[in-house]
Amino acid sequence: MIAVSVLAGIFVLSGCASDRDIPPEQPAFYLSMAHGGAKVDAAVAASMISGYRRNNGLGAVEVDPVLMQVAEAQAMAMATRNKLDHNVTGSLGQRVKAAGYDAKVAVENVSAGYHTLAEAFSGWRDSPPHKANMLNSGVTKLGIAASYAPNTKYKVFWALVLAAPDAR
């Protein structure tokens with residue numbers, strides 16, 4: 001009887017131990033974009049950038065579907081051409097307007113070589129012009145994208161578009 005109780009206890013405890021062996025899910029801002037099909041979690045990006053803005057006395061930003069399309073097109077265009085450039089397919093103003101977004105203000109951060117959102121955000125935060133864009137007091141919306149291009153120098157190209165709609 002004692003042996004049966006001991007064995008039952010071992011099985012129960014071993015079940016508990018296996019639950020602890022399951023690794024925790026990777027936070028979205030640490031997920032690698034360096035593989036086909038990877039998508040930036042825009043809500044996580046908006047939360048991260050909004051927290052940074054709040055820490056600097058500014059309001060939050062929200063994900064905008066049109067700005068998401070603008071960012072996606074920019075990241076893909078840079079990846080396709082293997083070129084880190086704001087104007088690879090036209091100026092930001094032209095691209096935003098062509099997408100049907102009537103912006104009162106629009107700014108853009110682009111980068112390449114960062115594999116995670118956390119890395120891209122840190123790079124932008126540590127660069128005065130990119131930091132200024134993220135802390136632009138007039139913006140309220142964002143779109144963000146990363147595009148993977150395995151046969152390029154940088155592998156991952158990033159675009160962040162921050163804007164505010166014109167209320168006219």
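This is a predicted model: local features need pLDDT of at least 70, side-chain atom pairs count only at pLDDT 80 or more; totals for chains, interfaces and linings use all residues.
Guide: The protein chain has six helices and four strands. Residues are numbered from 1 along each chain as its sequence is written, and side-chain values use heavy atoms, with hydrogens and water left out.

Now the interior. Of the 168 residues in the protein chain, 39% are buried. Buried means under 20% relative accessible area, exposed over 50%, and partly exposed in between (1.4 Å probe, protein chains only).

The largest nonpolar core holds 23 residues. Such a core is a set of buried Ala, Val, Leu, Ile, Met, Phe, Trp, Tyr and Cys residues joined through side-chain atoms within 4.5 Å. M134, L142, I144, W158, L160 and L162 touch the most other members. Helices α2 and α5 and strands β3 and β4 each give two or more residues to this core. The most come from α2, with six residues.

Take L142. Leaving out residues up to four places away in sequence, L142 touches A46, I49, V61, E62, V63, D64, L67, L160, V161 and L162. A separate core of 19 residues lies apart from the largest one; A71, M78, L92 and A145 are among its members.

Helix α5 spans residues 117-125, and its buried residues are L117, A118, A120, F121, G123 and W124. Their cover includes α2, β2 (103-112), α6 (128-134), β3 (141-148) and β4 (156-165).

A charged residue is buried too. R53 sits in helix α2 (residues 42-55). R53 is buried yet has no salt bridge, and the nearest side chain of opposite charge, E62, is 11 Å away. For charge, Lys and Arg count as positive and Asp and Glu as negative; His and the chain ends are not counted. Beyond residues up to four places away in sequence, R53 touches L58, G59, A60, V61, M134, L135, N136, S137 and V139.

Next, the pairs. The structure holds five salt bridges, each a side-chain nitrogen of Lys or Arg within 4 Å of a carboxyl oxygen of Asp or Glu. E62 and K141 form one of them, 2.8 Å from N to O. E62 lies in strand β1 (residues 62-63) and K141 in strand β3, so this pair ties together parts 79 residues apart in sequence. E62 is partly exposed, at 47% relative accessibility.

K39 pairs with E72, with the closest N and O atoms 3.6 Å apart. K39 is in the loop between α1 (2-20) and α2, and E72 is in helix α3 (residues 65-81), 33 residues apart. K39 is exposed, with a relative accessible area of 59%. E72 is partly exposed at 22%.

D85 and K83 also meet in a salt bridge, 3.7 Å from N to O. D85 is partly exposed at 23% relative accessibility, and K83 is partly exposed at 43%.

Definitions and conventions:
Contact means heavy atoms within 4.5 Å.
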